[in-house]
Amino acid sequence: MFSQIRTLFIALFLSFAVTGLATAQDTVSDRYTANELVQAGGQFFGKVSQGLASVVERAISNYGLPNGYILGQEGSGAFFGGVRYGDGELYTKNAGNHILYWQGPTLGFDIGADGSQVMMLVYNLPSTDSIYGRYPGVDGSAYVVGGVGMTVMKYKDIYIVPIRSGVGARLGINVGYLKFTQNPTWNPF
């Protein structure tokens, strides 16, 4: 079963990678190929689910191939207002790997808590220092025990597409932002 799902995941990446490569504005050498993303995501998330494959398919079809990605974990909780904290590693082809942290507040009709493995696809990143800033976004969740979701956030010309596979109980919709920093902090603002 795992090998069939992984094969589907790889096929979806490859089919949409061709579209992304045809429209790439930068050189291909600084972008991650479908195979590289599949390998990193498959190793990080473990068993690849049908839900994860469809979320990744949507991200690649809408935004093409990223020039960086982040693998990490995060925890969040909300009772109308909430917070999210995470840490991970930014991977780039031309500037190496960098440890980073993120945190941020949320506000909305949102109740619950969750812990997630996160793969964030990063687009238009001119340098590793450019990632540090506040990325606003809207997030919606509806699951008990487990789920996979995607959000799109933008700061200047940089797009970040977090793909989360988490466990917990969460219901609602909220607005907020993620602030990326070089050092961990408890202050979500």
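Q: Where is N124 found, and why is N124 called partly exposed?
A: N124 is found in the loop between strand 2 (97-123) and strand 3 (134-150), strands being DSSP runs of E with at least two residues, numbered from the N terminus. The relative accessible area of N124 is 35%. Buried means under 20%, exposed means over 50%, and partly exposed lies in between (1.4 Å probe, protein chains only); N124 is therefore partly exposed.

Q: On what kind of model do these values rest?
A: This is a predicted model, in which local features need pLDDT of at least 70 and side-chain atom pairs count only at pLDDT 80 or more, while totals for chains, interfaces and linings use all residues. Residues are numbered from 1 along each chain as its sequence is written, and side-chain values use heavy atoms, with hydrogens and water left out.

Q: Why is L107 called exposed?
A: L107, in strand 2, has 60% relative accessibility and so counts as exposed.

Q: Which residues form the nonpolar patch on the surface, and what makes a patch?
A: F79, F80, L107, F109, I111, V138, I173 and V175 form the patch, with about 850 Å² of accessible area together. A patch takes residues with over 30% relative accessible area and no salt bridge, and nonpolar side chains (Val, Leu, Ile, Met, Phe, Trp, Tyr) are joined within 5 Å. The areas come from the Shrake-Rupley method with a 1.4 Å probe. Strand 2 supplies the largest share, three residues.

Q: How do you know that R84 forms a salt bridge with E74?
A: A salt bridge requires a side-chain nitrogen of Lys or Arg within 4 Å of a carboxyl oxygen of Asp or Glu. The closest N and O atoms of R84 and E74 are 2.6 Å apart, so the pair meets this rule. E74 also meets R164 in a salt bridge, at 2.3 Å from N to O. This second pair links strand 1 and strand 5, 90 residues apart, and shared partners join E74, R84 and R164 into one network.

Key:
Helix = DSSP H or I, 4+ residues; strand = E, 2+ residues; numbered from the N terminus. Patch = residues over 30% accessible without salt bridge, like charges linked within 9 Å, V, L, I, M, F, W, Y side chains within 5 Å.
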